[in-house]
Structure formats: structure tokens, C-alpha cells
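Subject: Structure handover

Hello,

I am passing this structure on to you. Please open it first, then read the notes below.

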Amino acid sequence: MQIANLELSDIDVASLKLHKVVRRHIGGQDHSRWVLSGPTESNENGRLYYKIWNASYVRRDNIMGALESGFYDDRTVPALRALIFGRGVCRGYVMKECRPLKSFDPSFFRVVLDRTSDTKYFAVQFGHAHSMLCGSAMSMIDLEGVYPIEELGLVRRHYSAFANARYAEFVTALYRDLAGSGETTPSDPPLERHMSWRRHPFQKALVVASKHAGRVSARCAPRLTQLEV
């Protein structure tokens, strides 16, 4: 897959529109990131979205391994346009503007299963909520949460969780096949909690509030001072 490499110092970050801010450190790990957008440099419709993190970000290099392995390619991430680097360190990526899905195409799920099996990489957040339409093609988003299958145990240690239970089962089965009987298999990987308003109104309200806090903060009190540029 041919994508551009951009230098963070060449991006006028201050001129971009800030959409979301996540400032979070958990267990000594930096989970902070910023989502911004700006116009395209060509005649393409839509905007470009920039996801940027600091050099200490816990998943900063993961996306490069997924690209090198072929897990991320024109079929799984057609929206991906560029990687962002700063002094040789991966600092984020750029994607073309996408549209929300009305329904999840089972054939795309099959494509991702095949890529996972062939490349031995998996994207922990893969699922309906983390896939969108780029033109007429489906594309994965939130690309940095990707790991070699042999590092399945990092999902829990990075305080992450699978977005799709069926995909989690598939990845776990591949891990067990690779590890063989002589290796210790990690406990069942964590799953994102999907709560309904009807059954868990209070917990659901907290989840929704947390999810949108970064967007509200970006609109009301933009915070770029902690982003190292």
C-alpha cells in the first residue's frame, strides 16, 4: 500500500480544527491523543482527519507493523492517506473523511478475518462502531490499536478491549493454534461493555458522557498545549 509520510513539523497544527482531545495516563502509560481536521490539498471532496499523539504514546509504532505485514492495505483501510513522523518517531496518521455505516457488510468482516489469519495481525477495536464508508468502500478506523497475534496479552496490559466478541474469539483461536500446547494461553481477552439505556441507564449515561467529553472539550476549551509539535 502506497501512502505518504509527513513530518509533523510541516503540518500547521494550529490551523486545523480540533475535534477530540483525550488526555489520559493509566498505569504509567500514555494513552493521550488528538483528532483534528483540515481541507484536502487536492480537488477531492471532504476533509482530511489527523490523529496525532506524543512520542510517549503507548501504541505509537503499532500501525507501522500492520502496514508492513499487509494487514492494513487498500482493501481494509482505503481511507488511510499518510503516516505522521516527528524526528523519526511515528506520531500519528491521516485519513480521508468517511461516513457512518448504515449496516455492516458481512463480506468486509470476512476480508478482515482473512487478513488476520494471513498476516497474524489483529485490530482490537475492529467492528461496526470502528468501521466507516470511504466513498463506496468500507474502511477500518482507529488504526493504532493493532498487534501481532503473538502479543495478544498486550490488549489487557494496555487497558484495552475487543469491540466485537466474534472477532475476539477468532483471534484467540489463532493465538492458541500458534502458541501450541507448550505455551501459556492468556485468559479470555476483555470485551467492550455494550449497555442499553433501558437496562443500564446510569452506567450508559456515564459511558456516553466519557465518550463525548473529548469532543465537548475540543469545542469549548481547545487544548493543544500538551501536544508536542
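Lys-20 has Val-35 in strand 5 as its bridge partner. Strand 2 and strand 5 (residues 33–39) run antiparallel, and 5 bridges join them. Please keep in mind that this is a predicted model.

The sheet

In general, the strands of a sheet pair through backbone hydrogen bonds, either parallel or antiparallel.

Salt bridges

How many salt bridges are there? The count comes to 5. Here are three of them.

Lys-51 pairs with Asp-142, and their closest N and O atoms are 3.0 Å apart. Lys-51 lies in strand 6 (residues 47–52). Asp-142 lies in the loop between strand 11 (137–140) and strand 12 (146–148). Is Lys-51 buried or exposed? Lys-51 counts as buried, at 10% relative accessibility. Asp-142 counts as partly exposed, at 22%; the cut-off for buried is under 20%. There is also a network here: salt bridges link Lys-51, Asp-142 and Glu-144.

Asp-73 forms a salt bridge with Arg-115. Their closest N and O atoms are 2.6 Å apart. Asp-73 lies in the loop between helix 1 (62–69) and strand 7 (80–86). Arg-115 lies in helix 2 (residues 106–119), so this pair ties together parts that are 42 residues apart in sequence. Asp-73 is buried, with a relative accessible area of 16%.

Arg-110 and Asp-114 form a salt bridge as well, with 3.2 Å between the closest N and O atoms. What separates these two residues along helix 2? They are 4 residues apart, which means about one helical turn. Both count as partly exposed: Arg-110 at 42% relative accessibility and Asp-114 at 33%.

Asn-62

Asn-62 sits in helix 1. At 16% relative accessibility, Asn-62 counts as buried. Leaving aside residues up to four places away in sequence, Asn-62 touches Glu-144, Val-146 and Tyr-147. Glu-144 is also a member of the salt-bridge network described above.

The second largest pocket

This pocket has a volume of about 370 Å³. Its lining is made of 19 residues. Which of them are the closest to its centre? They are Leu-6, Pro-39, Glu-41, Leu-48 and Tyr-50. Strand 1, strand 5, strand 6 and strand 7 each supply at least two residues of the lining. Strand 1 gives the most, with 3 residues.

Best wishes

Methods
Residues are numbered from 1 along each chain as its sequence is written. This is a predicted model: local features need pLDDT of at least 70, side-chain atom pairs count only at pLDDT 80 or more; totals for chains, interfaces and linings use all residues. Side-chain values use heavy atoms; hydrogens and water are left out. A salt bridge is a side-chain nitrogen of Lys or Arg within 4 Å of a carboxyl oxygen of Asp or Glu. Buried means under 20% relative accessible area, exposed over 50%, partly exposed in between (1.4 Å probe, protein chains only). Contact means heavy atoms within 4.5 Å. Two strands pair if DSSP finds at least two bridges between them. On a 1 Å grid over the protein atoms alone, a cavity is a set of points where a 1.4 Å probe fits but cannot get out, and a pocket is an open set with protein on both sides within 12 Å along at least five of seven lines; lining residues have an atom within 4 Å of a point. Grid points are joined across faces, edges and corners, and a volume is the space filled by probe spheres set on the points.
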